[in-house]
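Hi everyone, thanks for coming. I'd like to walk you through a structure that may be new to you, so please have a look at it first.

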Amino acid sequence: DMRKHVTMTLLDTEQSYVESLRTLMQGYMKPLKQPENSTLCDPSLVDEIFDQIPELLEHHEEFLEEISDCVQKWHDKQKVGEILVQSFSKDILVNIYSAYIDNFLNAKDAIRIAKEARPAFMKFLAQSMRENKEKQALSDLMIKPVQRIPRYELLVK
């Protein structure tokens, strides 16, 4: 059944996406927010770099739960589209993604500035990359929200 296949793919990709957002929060943002790391990167830059990430993570964890429930309770008349429409038609989500994408270039600049200003920040990024499960650099993780909405569209089509 094509719908079940698409739903399983959605579940797999959503799990991966949520894991990437968690890595951004746990592996990069939270450590940089610790007072002892304030010398690595100015706290205002940390806020700029990770703007909207906590909100995105919260929304996608809820969405992942809904998709997971859908898969566990699968039946022939299951409607995945309703879950997508409910989750992504919320104004708040549109605002979160718009703000993230609008800030994306500023965040990339903030990272570049921090790298140039403080070699210790570069070491932190390299160490964090080695320690995260996906072994992905900060810039690779940060592009994922920009790419996510078009991927849903492709999956639905």
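This is a predicted model: local features need pLDDT of at least 70, side-chain atom pairs count only at pLDDT 80 or more; totals for chains, interfaces and linings use all residues.

Residues are numbered from 1 along each chain as its sequence is written, and side-chain values use heavy atoms, with hydrogens and water left out.

Y100 and F104 sit four residues apart in helix α5, so about one helical turn separates them. How do we describe such a pair? We use the distance of the ring centres and the angle of the planes. Rings of Phe, Tyr and Trp (its six-membered ring) pair if their centres lie within 6.5 Å; planes under 30 degrees apart are stacked, over 60 edge-to-face, and the rest tilted. By that rule the structure holds six aromatic pairs. For Y100 and F104, the centres are 6.3 Å apart and the planes lie at 45°, so this pair is tilted.

Now compare F121 and F124: their ring centres are 6.5 Å apart with planes at 20°, so that pair is stacked. These two are three residues apart in helix α6, again separated by about one helical turn. F121 is buried, at a relative accessible area of 0%, and F124 also counts as buried, at 13%. Ring pairs join Y28, F121 and F124 into a cluster.

Helix α6 also holds S128. Is S128 buried or exposed? It counts as buried, because its relative accessibility is 6%. Beyond residues up to four places away in sequence, S128 touches G27 and Y28; a contact here means heavy atoms within 4.5 Å.

Let's step back to the whole chain. It has seven helices and zero strands, where helices (H or I, at least four residues) and strands (E, at least two) are DSSP runs numbered from the N terminus. Of its 157 residues, 39% count as buried. Among contacts with a separation of 6 or more, 79% are between residues 24 or more positions apart.

What about the inside? The largest nonpolar core has 45 residues, and F50 and M142 touch the most other members. Such a core is a set of buried Ala, Val, Leu, Ile, Met, Phe, Trp, Tyr and Cys residues joined through side-chain atoms within 4.5 Å. Each of the helices α1 (2–33), α2 (43–49), α3 (53–72), α4 (80–88), α5 (91–117), α6 (119–131) and α7 (138–156) supplies at least two residues of this core. The most come from α1, with 10 residues. As for M142, leaving out residues up to four places away in sequence, it touches L24, I49, Y100, F104, A107 and I111. That list includes both rings of our tilted pair.

One last stop: E61, in helix α3. At 30% relative accessibility, E61 counts as partly exposed. Setting aside neighbours within four places in sequence, E61 is in contact with V18 and R22.

Technical notes. Buried means under 20% relative accessible area, exposed over 50%, partly exposed in between (1.4 Å probe, protein chains only).
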